[in-house]
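Colleague: Could you take me through the aromatic contacts here, with the cut-offs behind each term?

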Amino acid sequence: MDQSNLQITKLEEKLLLQKKVQDITNRIHSAQNIKQILVDLKEGILNLFDAHSLTIYVVDKPRNEIYSMVMSGTKLNEIRVPISNKSIAGYVANTGKTVNIADAYDEKELKLIDKELTFDSSWDKKSGFRTRQILCTPIFHEGKLMGVIQILNKKSGLGKFSEDEKDFVKEIADVLGVAFYNQQRYARRRKTRFDYLINRDLLKEEQLESAWEESREQKQTMETFLMTRYGIPKDEIGRSLEEFYRCRFIQFNDKIPIPGDLLKNLKKEYLRRELWVPIEKVNGTIHVLVDDPNNILKRDMIESLLKTKNIKYDVAFSEDIVKFINYFYQSPEDETSISDILGKLDADSENGEEEEESGEVVTESDSVIMQLVNKIINDAYNRRTSDIHIEPNVGKKNVEIRFRIDGDCTLYQTVPYSYRAALVSRIKIMSNLDITVKRLPQDGKIKFKRPGGDEIELRVATIPTQGGVEDVVMRILAKGETLPLEAMGMLPRNYKALKDLAEKPYGMILVVGPTGSGKTTTLHAVLRHINTPDRKIWTAEDPVEITQYGLRQVQVQPKIGFDFAAAMRAFLRADPDVIMVGEMRDFETAKTGVEASLTGHLVFSTLHTNSAPETITRLLDMGIDPLNFADALLGILAQRLVRTLCKNCKEAYHPSREEFDDIVQSYGPEHFKKLNINYTDDLTLYRPKGCDMCDHSGYKGRMGIHELLVASDNIKRAIQQKKPVEVLREIAIEEGMTTLLQDGIIKGFQGLTDITQVRRVCIK
């Protein structure tokens, strides 16, 4: 081809490209909403480039994120990336710089751009697509960031995108910048609280127009109507409200602490009628939930009642505001609400301070303080709480009350600071403690009768804290039913082995783990299995939490010298077959236990150690004779409690290769092979999501993970030779023991919990 023909061909190609650019520019500017640009026009824009893939992101300033939309079958999914230097698109949005990368997997190339920069390869692994080149440029309009455009993989082979291609991408970015600006201006011009839904193509203009009338006819709120009629998710409507009102969208959640001090002078009926409620106070600012934060008259009224202009308004559905009001003002067991109780208290802080300084107990409000303590205990019991924490603060800060539920602390409510002395004194009186002693820790017990007639016991500890105040922690010792051994959630090998050990005529079985790991529950399950009329079983406990018919149960009293060692010596004179002693705290108890098991008794006990093999070295270090201990020992069960995933909402997902390899490494590659779990495209793990049934935490309840060391001949020889922990562990694993971490990982693959929870409770 001669030179002139070649020039004509290039000119024709350039004219054709300009025509395509003009065509796509017109289509971008005539788009009805953002979704059309991101999804419907994406293929047309990609055709302008000699590349395999293209993503356009739009900036979301309030969340400091960029987002895009992709069609997955018939479903529209949103991708969100934080504006930070940790991802390529996030870096471009954060710095306003264009990046041109030859190989996304070349870490050196990424670190030359920015030391924090990484490439997330999980999508590649999921889709089978291999990212190589990345050209990513910011989208600006008049110096303001509007979004990011990212192009992947040149069709023409290796190397970076050319300078011409970089200029071309910037040209398209300029067009997109103008379009995004116009879309935002158009959205501002319309001004309805559902514009976000129209911009995302979740709702059509004509549907919105008819919805106003139809929702009125059906006497439904617009939000409820849009959810039921058009199936729009509550979260999406929430985002629309957030964008319109420029505030937070709050959904009902009964884990939000009851703001007792904010509700004192407000009536439930009034709040329900006016549809607003205060939910918290943060750094002096009161957060109030309303259905319409733009209602000036309502805001004036709220500011007048709360006597402050320092208020931040959040938006919620009308029905959720009513749910919050009902939750704040009533309890299933007790008609008296927290706000009613606090309303009866004299809120004069000066009087409160005088009472604290003089050391006197509140008298005129005594019955109200009693009601408050009773309500705290009742609410704690109703929520399956294990511990109640009363935490007074120094100065004029309110008293915080926290509940521990399923192992995690959560704030329940606050009480005015002027009543901290009265609150602590009331609990001391109920526990038979000395109310004049404030500088020394004390402990006692409360026998508490609930409205239904049943009685619960609480173990109380008071601790003096900085600033001359006292913390109180109450543990609820609910008298529970004995669980059967099969309900302990053990793996088949552990269940069979523990059952076999418990059926032996004599020897020692230990259950070990930290406080609150379910040791007593497991021991009672084992005792239930062997509790038959032909066996005499004695137990010494502190306190007796679980009662079981057929056992002779004794509560030790260390203050009068009746400790575990004394109880065990007494049992040996009382013709026992089985002895269960609550804890081996000292050499004497451990020595007596070993001797008892060697003289024909089956002995159960607990220790606070981290793992089964470590228990052996702990007892030997105490001074126990290795020969006697080796003869006596039958087995050691170490256990922990992990939170279980909510069955209603747990979410299945396909783990990345890195995550899978990390789990294999934690388990031990050689031992993991025996599980016969391979990394495949359909491999599924589960993670928490959150729903109403689990208080939006993703978890509900707890289960045990176990490590059972059976005292085989090899283990007994190793004990006699005082072998170190590592040797004992290796022998036990070779003989079939799964460690706590391994047991937890197996339960993770069974979908009962997630690996994060397992790692939280396992040291190794």
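Colleague: Which residues form one aromatic cluster?
Modeller: This is a predicted model, in which local features need pLDDT of at least 70 and side-chain atom pairs count only at pLDDT 80 or more, while totals for chains, interfaces and linings use all residues. Residues are numbered from 1 along each chain as its sequence is written, and side-chain values use heavy atoms, with hydrogens and water left out. Rings of Phe, Tyr and Trp (its six-membered ring) pair if their centres lie within 6.5 Å, and planes under 30 degrees apart count as stacked, over 60 as edge-to-face and the rest as tilted. One cluster is formed by F660, Y667, F672, Y679 and F749.

Colleague: How many residues apart in sequence are the parts that the pair F660 and F672 ties together?
Modeller: The two rings form an edge-to-face pair, with 5.8 Å centre to centre and 80 degrees between the planes. Helices are DSSP runs (H or I, at least four residues), numbered from the N terminus. Because F660 lies in helix 26 (residues 657-667) and F672 in helix 27 (residues 669-672), the parts tied together are apart in sequence by 12 residues.

Colleague: Is F660 buried or exposed?
Modeller: Buried means under 20% relative accessible area, exposed over 50%, and partly exposed in between (1.4 Å probe, protein chains only). F672, at a relative accessible area of 4%, is buried. F660 has 5% relative accessibility, so it counts as buried.

Colleague: At what distance from the ring centre of Y686 does K650 lie?
Modeller: A charge sits over a ring if NZ of Lys or CZ of Arg is within 6 Å of the ring centre and within 35 degrees of the ring normal. K650 lies over the face of Y686, and its distance from the ring centre is 4.8 Å.

Definitions and conventions. Helices (H or I, at least four residues) and strands (E, at least two) are DSSP runs, numbered from the N terminus.
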